[in-house]
Structures are given as structure tokens and as C-alpha cells.
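Dear colleague,

Please find below the structure that I am handing over to you. My notes on what was found in it follow directly after.

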Amino acid sequence: MSKTEPPPYVCPYQGCLLAGVDEVGRGPLAGDVVAAAVILDPARPIEGLADSKKLSEKKRERLYDEIREKALSFAVARASVAEIDQLNILHASLLAMRRAVEQLELQPEFVLVDGNRKPDWSYACDTVVKGDGRVAAIGAASILAKVTRDREMVELDRVYPGYGLAGHKGYPTKAHLQALERLGPTPIHRQSFAPVKQLSMDLV
């Protein structure tokens, strides 16, 4: 084990109704933050679950279909751009995760949350730093959330052409920042994020 890798996570809950929850989209300048919750089926293991950011797009797409087929329960939820601007990105992310868990058809007995902050809820839970690479259910949730959000950004690229959303998925790449300066913000840009906020002020 390298010095940068966290130790294996040992869950205090050993039952079958364990949900993993994760979100994607905290860093982008545009689009919703999307969360997913997954309860895996111990009788139907899925090989290759990992942090979605470390998987190729092709592998994420394959695992996305397999998770939806084999999981005992899964749900995808979000917090909107308006909610991000109103609450801030951290609280909007926690809201999206809470919504995802609450929307599971099969309610969990224990929830593992990626990161070091948990939503305001009554579920028995634990937080797991870098959990998407340490806990299969969190990895599965990160894959569902990322594939869902990436697909949405591809669609939004057709609605708001010129920003390259299909390529960078709304992250503040050089190309995205240049497009913002050239074209100005769209309704799907987060007005509370510094680059967008500054441009909006300059346009007033």
C-alpha cells in the first residue's frame, strides 16, 4: 500500500441493506450537482467497481448498466443550479445525497457517505474519505451519478452550443473560461461561482 492510499475501510454494519451514496459535479461552473444511492446485492457481485473518475468512459457506461440490472435498489437525485446558488455547493451536494437515499425504493439500514460530511438525516451512517475507491456501494453510486450527469451535459451542449459542455462537462477548463468571456453566462451557469459571478458583474 502506498503512503497516499487510505487503509481498507471496515464497516460497522454487516447486514445486507447497506447503501452507498456519492455525488458528482461540485467543481463545475455549470449544471446541477447529481447524487446517487445504491444498495448492492451480495448475491450478485459486480466486478470492477471503483471511483468513477478513474474509470474510462466505456467502462463506466458498461458498469452503469450492470449496476442498474443487479442492484437491490438505486436512485439518482440532484440539487439544481438555483439551489447551488442559494445554499452553496457543499449544502447543495448534501441535499442531493439526502434526496437520493430517500428515493430508494428499498430503504437502507445503514448508509455510507463519500467524504467527511453527512447530510442532515436520521439514518445510521458513517462517512468514508475517498469512499468511492474503498467501498463498492459508494463506487457504484459514483458511477451512476457521473454517467447521469455526463449524459445531461452532452444534451445541454446542444442547447447551449459554443461552450464545449460535452467535452469538459462544465468544469472550469481554459476553453470553458474563454467561452464564458466570449459568450457570457447561460441560465445553467452557477452565478455564485467566482468566474461566473465576476463575468456577470462585468456585464452589468
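**Surroundings of D22 and the annotated positions**

Leaving aside neighbours within four places in sequence, D22 is in contact with V34, A35, A36, M97, D114, D132, I138, A141, S142 and A145, where contact means heavy atoms within 4.5 Å. Please note that this is a predicted model, in which local features need pLDDT of at least 70 and side-chain atom pairs count only at pLDDT 80 or more, while totals for chains, interfaces and linings use all residues. Residues are numbered from 1 along each chain as its sequence is written, and side-chain values use heavy atoms, with hydrogens and water left out.

D22 is found in strand β1; helices (H or I, at least four residues) and strands (E, at least two) are DSSP runs, numbered from the N terminus. D22 counts as buried because its relative accessibility is 2%; buried means under 20% relative accessible area, exposed over 50%, and partly exposed in between (1.4 Å probe, protein chains only).

E23 also belongs to strand β1. With 14% relative accessibility, E23 counts as buried. Not counting residues up to four places away in sequence, E23 touches V33, V34, A35, S93 and M97.

The unreviewed UniProt entry places the feature "binding site" at D22, E23 and D114. These positions are spread over 93 residues of sequence, yet they cluster in space, with a largest C-alpha distance of 8.0 Å. UniProt positions are given here in the numbering used above, feature names are shortened, and annotations may be inferred rather than shown by experiment.

Strand β1 (residues 18-24) and strand β2 (residues 33-39) run antiparallel and are joined by six bridges. Within this pairing, V24 stands opposite V34 in β2.

Strands β2 and β3 pair in the antiparallel sense over seven bridges. I39 has S73 in β3 as its bridge partner. Strand β3 has a covered face, made up of S73, A75, A77 and A79, and an uncovered face with F74, V76 and R78.

**Nonpolar cores**

A nonpolar core is a set of buried Ala, Val, Leu, Ile, Met, Phe, Trp, Tyr and Cys residues joined through side-chain atoms within 4.5 Å. The largest such core has 34 residues, and those with the most contacts inside it are V21, V33, V101, L104, V111 and W121. Two or more residues of this core come from each of β1, β2, β3, α3 (89-102), β4, α6 (174-183) and α7 (194-203). Helix α3 gives the largest share, seven residues.

W121 touches V21, M97, R98, V101, V111 and V113, again not counting residues up to four places away in sequence. Another core, of 27 residues, lies apart from the largest one and has L40, I67, A140 and V147 among its members.

**Cysteines**

How many disulfides does a search of the whole structure find? The search finds zero, a disulfide being a pair of cysteine sulfur atoms within 2.5 Å. The sulfur of C11 is too far for a bond, because the closest cysteine sulfur, in C125, is 11 Å away. C11 counts as buried, at 12% relative accessibility. C16 is likewise in no disulfide, the nearest cysteine sulfur, that of C11, being 12 Å away.

**Two residues with positive phi**

K130 is a residue other than glycine with a positive phi, near 55 degrees. K130 lies in the loop between β5 and α4 and counts as partly exposed, at 49% relative accessibility.

K169, also a residue other than glycine, has a positive phi near 60 degrees. K169 lies in the loop between α5 (165-168) and α6. At 16% relative accessibility, K169 counts as buried.

Yours sincerely

Notes
Pairing = 2+ DSSP bridges.
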